[in-house]
Amino acid sequence: MSVLEVRDLSIRFGGLQALQAVSLEVNEFEIVGLIGPNGAGKTTAFNCITGFYTPHDGAVTYRGKDVTKTAPHVKARMGFGRTFQNVGMVKGATALENLKTAQHAKAGYDVMSGLLGVGKTRRGEREMTVRAEAILDLLGLAQLRDKRVGGLSYGTLKLLELGCALATDPDILLLDEPTSGMGPEESDELGDRLLVLRREFGLTMLVIEHHVPLVLRVCDHVYVLNFGRMLAQGTPLEVQSHPDVIAAYLGGEAPEALAAASAERRDDRERSA
Amino acid sequence: MVAVDTAATPVARPHAVDLALRWVPRLAVLGLLGYLLLVRMPADEKYAPIYADAAIYAIVGLSLNIVTGYTGQLSLGHNGFFGIGAFAAAYSLTVQHVPFAVTFVLAGLSGAVFALVMGMVALRITGLYLALITLVFGLTLEDSLFEVSWLTNAGAGQPANRPEWLFSETRFFYFCLAFLVVAVYLDFVLLRTKTGRALLALKENERVAEAFGINVTAFKLFAFVLSGTLAGVAGALYAYRIGIVTASGLGFNLALTFVLLTVVGGLGSRLGVVLGGLLFASLDFVLHDTWVHNVNDFVFAFQNAPQFAVGFIGALGLILTIVRYPGGIGQQIRPLTRLLVGGQRSLHADDGGPAAVEGSNVRA
């Protein structure tokens with residue numbers, strides 16, 4: 001049974017059809033890539049899958065259960081761990097505090113006993129700190145434990161954000177451009193990390209990524225989005241040599257490129273609105 | 001830069017002498033402050049009411065800090081929750097003959113109920129418009145509920161007489177102080193547990209908070225309800241402090257004072273807010289009844305100068321806070337608090353730096 005199944009997802013923003021009948025499937029322990037030119041609707045697809053947007057049409061199924069209209073925080077508790085295109089962390093807090101914030105649902109005590117400060121709370125806090133430190137060690141960020149994340153470099157932030165997503169104790173990880181802000185070497189290293197994470201924690205992943213070598217190396221299956229439609233899918237090698245994909249990335253015909261540019265601007269406006 | 005060696009540097013165990021060196025000055029400073037604030041000054045029956053006011057203001061400051069400092073929503077209507085608490089306590093005690101202790105529970109509950117309604121509004125509306133709605137809420141209460149005949153003893157004011165054991169002003173100050181200690185403790189625990197982290201996360205970015213599994217709706221409501229409860233209880237203390245509750249003392253000026261003492265005290269800074277309460281509660285007294293009034297008369301040499309001076313100092317503090325010191329008084333005393341708590345970092349806006357103040361621009 002697939003972990004995540006998306007059927008005929010469609011969403012409009014005003015006159016813009018951001019996604020048109022998009023379907024994809026992620027199987028257990030797979031790392032699936034979602035690629036496409038800027039403005040293709042990749043992040044929009046993520047937002048529909050994780051519940052931040054409600055699609056106008058289509059269905060999202062998680063382990064056989066329909067979760068199309070489930071709220072994001074409920075999905076997070078079900079096992080959806082996600083990162084954001086721009087880093088999604090509490091900038092005023094330290095790395096440790098962020099990792100503990102991400103463990104909110106796993107704290108092991110409720111709000112009321114938290115306010116009374118009973119033993120359960122202290123134990124829960126200790127366990128969260130231990131888990132947070134383990135994640136910092138795992139990512140090689142132990143020395144950032146008490147640093148405020150606001151001042152960290154972008155690449156480091158992206159890595160720490162991955163740590164926060166891990167701290168939510170996910171079943172499926174949805175990573176939105178995990179290598180942005182990283183150099184080629186760091187990107188390679190991140191690829192290794194993703195493979196290790198899959199092996200160690202039995203994770204399933206859906207990854208939006210632009211860095212082609214990484215996609216080729218870690219992904220089992222790749223979907224290509226263009227103008228909100230699924231352009232192609234297959235193994236990384238199949239997709240790489242697909243004529244439509246090459247056309248989409250290299251510009252194709254002029255009218256299409258113009259349309260892409262305007263759609264992208266539109267998309268940006270929609271998102272910032 | 002991303003790849004870093006994971007070998008942690010070994011941390012040396014603090015030596016007994018180091019510990020003594022660290023703790024002796026801290027305890028000395030604490031002891032001196034404690035003596036001055038707790039023993040020396042309020043011992044005088046004449047000054048004790050000012051300190052009682054300061055404690056009450058500080059509780060409201062902490063209450064407002066939860067909504068404004070932690071979840072980032074400006075409330076200009078806290079005089080409403082405060083006033084409801086005051087009337088609830090006075091009415092239940094004097095008219096319904098409810099036991100003294102229970103009146104505080106009722107005051108907290110009524111504050112909580114109204115805050116819940118306000119919280120529901122805040123789910124839909126944020127920022128400037130929410131501030132406007134809270135403002136209207138406070139103003140409307142002042143002219144409607146606080147004028148209702150049965151509640152206000154036909155407009156004459158609802159009496160709230162302290163029990164005999166609290167007649168002494170000094171004792172009443174310690175009574176208020178006990179409530180403040182509980183409020184400070186609650187605030188302390190709140191921030192150290194997942195609740196505080198959830199509030200700060202949703203203040204910075206609701207989407208990130210949701211991705212972490214935080215129920216943003218529930219925690220926004222929780223913040224309002226907790227804030228309303230604290231303000232309601234503070235209102236009950238105020239009722240017993242002045243002995244008779246009328247609408248006239250619960251107007252917009254009070255709401256403004258609450259916001260000022262919280263912002264000038266330092267949003268997100270517990271001790272700063274408490275000191276803000278002390279400052280604004282004692283300002284009137286300092287300006288009139290100490291040597292300062294000579295300076296005051298000299299600078300503002302016209303009629304109504306006292307009221308003007310209070311407003312002037314408040315405005316000046318606000319401008320300084322906004323323009324120069326975003327952390328308010330809390331920022332000024334940070335070296336001292338560092339000394340006392342050993343420089344331990346907390347979830348509070350650390351140095352009131354830009355990162356603590358500016359929002360995040362994450363797009364989802």
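Which residues in α3(A) meet which residues in α6(A)? In this predicted model, local features need pLDDT of at least 70 and side-chain atom pairs count only at pLDDT 80 or more, while totals for chains, interfaces and linings use all residues. Residues are numbered from 1 along each chain as its sequence is written, chains are lettered from A and ligands numbered from 1 in the order in which they are written, and side-chain values use heavy atoms, with hydrogens and water left out.

On the α3(A) side, A95(A), N98(A), L99(A) and A102(A) meet L160(A), G163(A), C164(A) and A167(A) of α6(A), where contact means heavy atoms within 4.5 Å. The contact of α3(A) with α6(A) comprises 6 nonpolar, 2 polar and no charged residues. In this classification, Ala, Val, Leu, Ile, Met, Phe, Trp, Tyr, Cys and Pro count as nonpolar, Asp, Glu, Lys and Arg as charged, and the others, Gly among them, as polar. Helix α3 spans residues 95–102 of chain A and helix α6 spans residues 154–167 of chain A; their axes come within 7 Å and cross at roughly 35°. Axes are lines fitted to C-alpha atoms, for helices over the stretch in contact, and angles run from 0 to 180 degrees between N-to-C directions. Helices (H or I, at least four residues) and strands (E, at least two) are DSSP runs, numbered from the N terminus. The crossing of α3(A) and α6(A) is right-handed; a crossing has this hand if the near helix is turned clockwise from the far one by less than a right angle, and is left-handed if anticlockwise.

Chain A also contains an open sheet of 4 strands in the order β2-β1-β4-β5, with antiparallel pairing. Two strands pair if DSSP finds at least two bridges between them. Strands β2 (16–27) and β5 (65–66) of chain A stand at the edges with a single partner strand each, so one side of each is left without a neighbour in the sheet. Helix α1 (residues 42–50) of chain A packs on this sheet, where it touches β1, β2 and β4 (57–62) of chain A, and its direction makes about 115° with that of β1(A).

Within the sheet, strand β1 (residues 2–13) of chain A is joined to β2(A) by 8 bridges, and F13(A) has L16(A) as its bridge partner in β2(A). The hairpin of β1(A) and β2(A) has 2 residues between the strands, and G14(A) takes a positive phi near 60° there. The antiparallel pairing of β1(A) and β4(A) extends over 5 bridges, with Y62(A) in β4(A) as the bridge partner of L4(A). Y62(A) also stands opposite K65(A) in β5(A), and 2 bridges join β4(A) to β5(A). In the hairpin of β4(A) and β5(A), which likewise has 2 residues between the strands, R63(A) takes a positive phi near 45°.

R63(A) also forms a salt bridge with E28(A), the closest N and O atoms being 2.8 Å apart. A salt bridge is a side-chain nitrogen of Lys or Arg within 4 Å of a carboxyl oxygen of Asp or Glu. This pair links distant parts of the chain, 35 residues apart: E28(A) lies in the loop between β2 and β3 of chain A, and R63(A) in the loop between β4 and β5 of chain A. The structure holds 16 salt bridges over all chains.

A further open sheet of chain A has 6 strands in the order β6-β7-β8-β3-β9-β10, and its pairing is mixed. Its edge strands, β6 (80–82) and β10 (229–234) of chain A, pair on one side only. Strand β6(A) runs parallel to strand β7 (residues 172–176) of chain A, the two being joined by 3 bridges, and R82(A) has L174(A) as its bridge partner in β7(A). Helix α10 (residues 243–250) of chain A lies across β3, β9 and β10 of chain A, running at about 130° to β10(A).

The contact between the chains takes 55 residues from chain A and 40 residues from chain B. Chain B and chain A bury about 4200 Å² between them, 60% of it on carbon and sulfur atoms; buried area is the accessible area (1.4 Å probe) that two parts lose on being put together, summed over both. Across this interface the rule finds 1 salt bridge, and E125(A) forms a salt bridge with R197(B), with the closest N and O atoms 2.8 Å apart.
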